Amino acid sequence: VMEDPKEPGAEASPAGATARGGLSLLSRAESEEPSAQGSALFLGGSEVKSRAVVKYSSAPPRTAFARLEEKTDLKLPPANWLRESAKLGPAGATTLGNSKKSKPFSSFGMAYDFIDSVGNDVDVVSDSENIKKLLKIPYSKSHVSMAVHRIGRTLLLDELDIQELFMRSSQTGDWTWLKEFYQRLIDQKWQRKKKSKEHWYQKAILSKFLYYSINGDGAAQPVPSAAEEQESPTSSQTHDSEGASWPAPFEMPASVSEDPSASSQGLKNDFVRNILWTFEDIHMLVGSNMPIFGGGRYPAVSLRLRDNNKPINVLTGIDYWLDNLICNVPELVMCFHVNGIVQKYEMIKTEEIPNLENSNFSTKVIKDIAQNILSFLKSNCTKEGHTYWLFKASGSDIVKLYDLTTLCEETEDKYQNPFTMPVAILLYKVACNMMMKKSQNKKHYGTVRTLLLNCVKLLDKGRHPQIIASANYMLSELFQLDEPKKEESSESPLNENSDESYSEEEEEMPDSDENGSYGPSCDPSEDNTAVAVIKSVGELSVPEKYKSIHQIRPSCAFPVCHDTEERCRLVLGYVLEGLKSVDSSIKKESDLPAADPSTPIPLKYEDESSRGGPEGLEKQMALFLDKMGALQKGNGCSQSGMTPGSWQHKMKLQLILKSSKAYYILSDAAMSLQKYGRALRYIKLALQSHDTYCCLCTNMLSEVLLFLSQYLTLCGDIQLMLAQNANNRAAHLEEFNYQTKEDQEILHSLHRESSCQGFAWATDLSTDLESQLSVSCKCYEAANEILQFSDLKSQNPEHYVQVLKRMGNIRNEIGVFYMNQAAALQSERVVSKSVSAAEQQLWKKSFSCFEKGIHNFESIDDVTNTALLLCNTGRLMRICAQAHCGAEDECKREFSPEEGLYYNKAVDYYLKALRSLGTRDIHPVVWDSVNWELSTTYFTMATLQQDYAPLSRKAQEQIEKEVSEAMMKSLKYCDVDSVCARQPLCQYRAATIHHRLASMYHSCLRNQVGDEHLRKQHRVLADLHYGKAAKLFQLLRDAPCELLRVQLERVAFAEFQMTGQNSNVGKLKTLSGALDIMMRTEHAFQLIRKELIEECDPPKGDEAAPAADSSLNLNREEVIKLLSIFESRLSFLLLHSIKLLSSSKKKASSNTEEDAVLKANKHVYSQLLRATANRRATLVERIDVITHLLEQLACGDSGASGSAIQ
């Protein structure tokens, strides 16, 4: 508010920043403004929308200004002059009116304080003085020099005082490149313009006027004029020289403070007020120091001092009008003086200011200027992080825009630009703020990524390692490692993948409209280094002259990662850059830490027990658990010399944890692709990262312990899959040993802090199957132990259940492995008659594993897997039983009590499995499997007792009873009715059981004497079981020989019964029944004939012939034997039938039916004799004869066959 706005005023350093401890957002009641909602002013019939909301104010409640009496001499200083006064606000004693010169980083101070607004909803952040200077460009001949920075869609404007810069350059040597460029541009030698004596005089009386206005008594209390003359200029000069507060390049400390805006580098928010000003459609965050007073009946007024001899010009009018609009002040009070003597006061409404005499201007034109300048800057300041220079020489009509960053990069030291650090910090803070917003959608990740990439690009790695490390960590955090692929691709379907597609390389081309003024000047005399030029300031007054369709994009593209590996690799790239920054900042004489005298140097040898085998693993597991216990207490230590709690320590912990997560995801992805060697390599890196984290961490978080449990679980899975895929071991080994340069560098950084050997026991690629299974088991056990350390078990029930399931599964695998080894030893045992110690040891190991596995599954109520492990334990018991079978000669062999003991144990485990399942509905397949195994156990036990009866220990009757009971139990658990893949097996088993029982009762009947009741019972049971066996064998197509054997035994049973009969009628009836059984074998003979014909005509192809021959010979022997027996028994039955029928015919009267049977039997018998006499007949021909004769018997027609069979 100087009298002549064209004259540059000296800046007094406001004390607001020192008085103010921090930001306070005002409510409407606390605000000093008349309305926090702003106002719309209607001027000259055309509406100009203006709305101002105070975001922050450090001014005290307003007080009325003191109206000075006429003739008051402002040349005399008041008693309170230059003393701190609450009424003038925190600016205190040094404020000499409203400062004309803003600080070079004033917009950054505001941006730091209102970080939410930057990059999103605000177009411009600046000092109100800079806004006014821009809007007055078409009216003013004075020079304009401003620095412009783009952050997202927001532009930051700061005064760039070239004179101050060049004074600094002459002292420090900075900015010499810009000085040379400026001198070429202006084509004249630069000289500092000295301020006139008039300037200091005007400044002094303005200051005294303001102090009089708050003094209240209006009385002048003069002080010695010498003091006045000395104090005012020296004070002003001092502040003038210090006012710019240019931070020297590189003065910013290496570590970023908690609040960089509060540093002593001139980045403070020094304004009394921060106002969100909306002018038409332009949103601006503006800083203002204008004193505002109350005026009695007026809510707020601004106070101005004017020389009555000098009329108000347009520039002053615009100045006053904009100040009142920005601060939402409705009235202007002007005090007129002549030579420092007060004359009068005049009150003017804000909306009347544009119509004052000698100060007429159009508000509509001001609005057009604002819109044109903003469009011009937005269209051309496209590169985030670059410093642009908006320059208009004094007296010139041409406005130019230069990219100082590009010019600076051509010099020897590209970090000479003092704006680099504040811009980088602001980019970083805006990115941090966007990251911390929980409501932030992933679509903004592209913007955050661009901000951070540009931040990193601006900074020198050697000078700002903390920001670079932190920015790289945040870049890695943008990638959600565990998100599904669908989400990531749907976020940005049209994005490019290259890193270069986010900032400067995607510069938008300027409009190609008829204005043509967006490009550099075509005039060859002009400097071609300008980014854009406004050829004449008059163009800014033309409505929408620079209206641009190009908006600064609110968001940028985020890379589409086509798979998990690509996403993780990007993350690891950022992690590596972050680790490099941290490591470079740790000042050490060498990368290796100095030796601690009290710590022994570890030698590179390994105890035999530490490699391979369960014993070594046990030892390593104990060490691991000790270490986990120590972590709970917290004793982090760093080999590289990092101080716990330092930024390096905190950042490295975060980066290492991120790398371990990325490697875990990579391992999991490789696992799903069945690349187990690669998966083991990645999980090894994940565990090495975690081991380093454990070494550094002073307080282990439960979340991190959970990660470790998950890593070890996956490691166990990988080791198990490697054990099960031993045939591809060479390929897996090659993948395991491969390592990228990036992985090596990350590992190098880890080795600076730790030996990374804490989990070596879990990640070795062994070639021994037992070792791999043991390692897998130990991984799961370690994962489970970690869950026990804190309350993780209850907090993560799903993971706990998964770990226990895997523990149960691996113990089952190991149990089966030992069981199969025991079975192999058993099969190799030929000479030795007793069970070897090795076999017994394997049984114990196997049983122990099954028992632990059952306990694991029972603890999580997994009944299905519990049943399966109980089933496997039953199988182990059967192997033990088989091992105890006597090695004596087959003729002396007896079923031993040890066999019985183990078979009964097996039965117990199978019954437990069924009880575990409860019903078949729980898991039908497992239920059926357990039933089948139980049936098999009973059947085997009964068969062995029947075939190798322990007669030396038990009576025959006792054995028969036990066999019968076991067979019936086997039948109970043999489901013949359910239609499934196992049904034919069940039918065959049931038929075999019935056959064996029938044979046993048949044998008892033959050998027993005495008890007739028991004999009758055996006779009935034998007949019953033979019938059931025959019925079941008839259902099977692949058991004709068994069916034939059963029928022949039935015939023998009938013959045995016939020997006990005395009457011919009874014998004839028995013979008739036996012949009837013979006739029912026709189906079996047809099946045998069909099979023999198929084997005689093998399928074409040489390879199938040998197999066909071998099976043919085997079948032939059995068939020939059964056929011979069948022929002899049929011959016997027919002969006896003929004899009995003939004798009964002699005794009794003629019976037509018996005569026909006799005749038929004689005919069949004669043919049978002729056929058996023919030794040249083939097997098929003999079967044909039998089937033909059986057909004749069935028909009972002696004349059925007229021709003789050869």
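Reader: Which helices do the buried residues of α26 pack against?
Author: In this predicted model, they pack against α25 (797-828) and α27 (863-883).

Reader: Which residues of α26 are buried?
Author: The buried residues are E839, L842, W843, S846, C849, F850, G853, I854, N856 and F857. Buried means under 20% relative accessible area, so each of these falls below that cut-off. In an α-helix, residues three or four places apart point the same way, because there are 3.6 residues a turn.

Reader: What is the phi of D861, which follows α26?
Author: Phi of D861 is positive, near 55 degrees. Most residues other than glycine have a negative phi.

Reader: Where else is phi positive in a residue other than glycine?
Author: K71 has a phi near 75 degrees. N339 has one near 50 degrees. Both are in loops: K71 lies between β3 (50-57) and α2 (106-113), and N339 between β11 (331-338) and β12 (341-349).

Reader: What makes S1131 buried or exposed?
Author: S1131 has a relative accessible area of 17%. The cut-off for buried is under 20%, so S1131 is buried. Its place is in helix α36 (residues 1104-1147).

Reader: What does S1131 touch, leaving out residues up to four places away in sequence?
Author: S1131 touches Y1165, L1168 and L1169. A contact means heavy atoms within 4.5 Å. S1131 and V1164 are 33 residues apart in sequence, and their C-alpha atoms are 9.2 Å apart.

Reader: What about Y402, buried or exposed?
Author: Y402 has a relative accessible area of 0%, so Y402 is buried. It lies in strand β14 (residues 399-403). Y402 and A147 are 255 residues apart along the chain, yet their C-alpha atoms are separated by 9.5 Å.

Reader: How many disulfides are there?
Author: The count is 0. A disulfide needs a pair of cysteine sulfur atoms within 2.5 Å. C697 shows the reasoning: the nearest cysteine sulfur, that of C694, is 7.4 Å away.

Reader: Are C697 and C1004 buried or exposed?
Author: C697 is at 5% relative accessibility, so C697 counts as buried. C1004 is at 4%, so C1004 counts as buried too.

Reader: How many residues has the largest nonpolar core?
Author: The largest nonpolar core has 177 residues. Those with the most contacts inside it are I151, W389, L426, I683 and L712. A second, separate core of 55 residues includes L135, V148, I348 and A532. In soluble globular proteins, nonpolar side chains tend to be buried together.

Reader: What does I151 touch, not counting residues up to four places away in sequence?
Author: I151 touches V118, G119, L156, E384, V423, L426, L427, V430 and L451.

Reader: How many helices and strands are in the protein?
Author: There are 38 helices and 15 strands. Of the 1206 residues, 53% are buried. Among contacts between residues at least 6 apart in sequence, 78% join residues at least 24 apart. The protein exposes about 55,200 Å², and carbon and sulfur atoms supply 51% of it.

Reader: What is the mean pLDDT of the protein?
Author: The mean pLDDT is 76, and 73% of the residues reach 70 or more. Over residues 90-100 the pLDDT is below 50, though this stretch has 43 contacts in the model beyond near neighbours in sequence. Over residues 1197-1206 pLDDT stays under 50 as well, with 13 contacts beyond four places in sequence. Where pLDDT is low, the predicted coordinates should not be read in detail.

Notes
Residues numbered from 1 in each chain as written. Predicted model: local features only at pLDDT ≥ 70, side-chain atom pairs only at ≥ 80, totals over all residues. Heavy atoms only, no water. Buried < 20%, exposed > 50% of the residue type's maximum accessible area, 1.4 Å probe, protein only. Helix = DSSP H or I, 4+ residues; strand = E, 2+ residues; numbered from the N terminus. Core = buried A, V, L, I, M, F, W, Y, C linked by side-chain atoms within 4.5 Å. Areas by Shrake-Rupley, 256 points an atom, 1.4 Å probe, with all protein chains shown as cover. pLDDT = per-residue confidence, 0-100.
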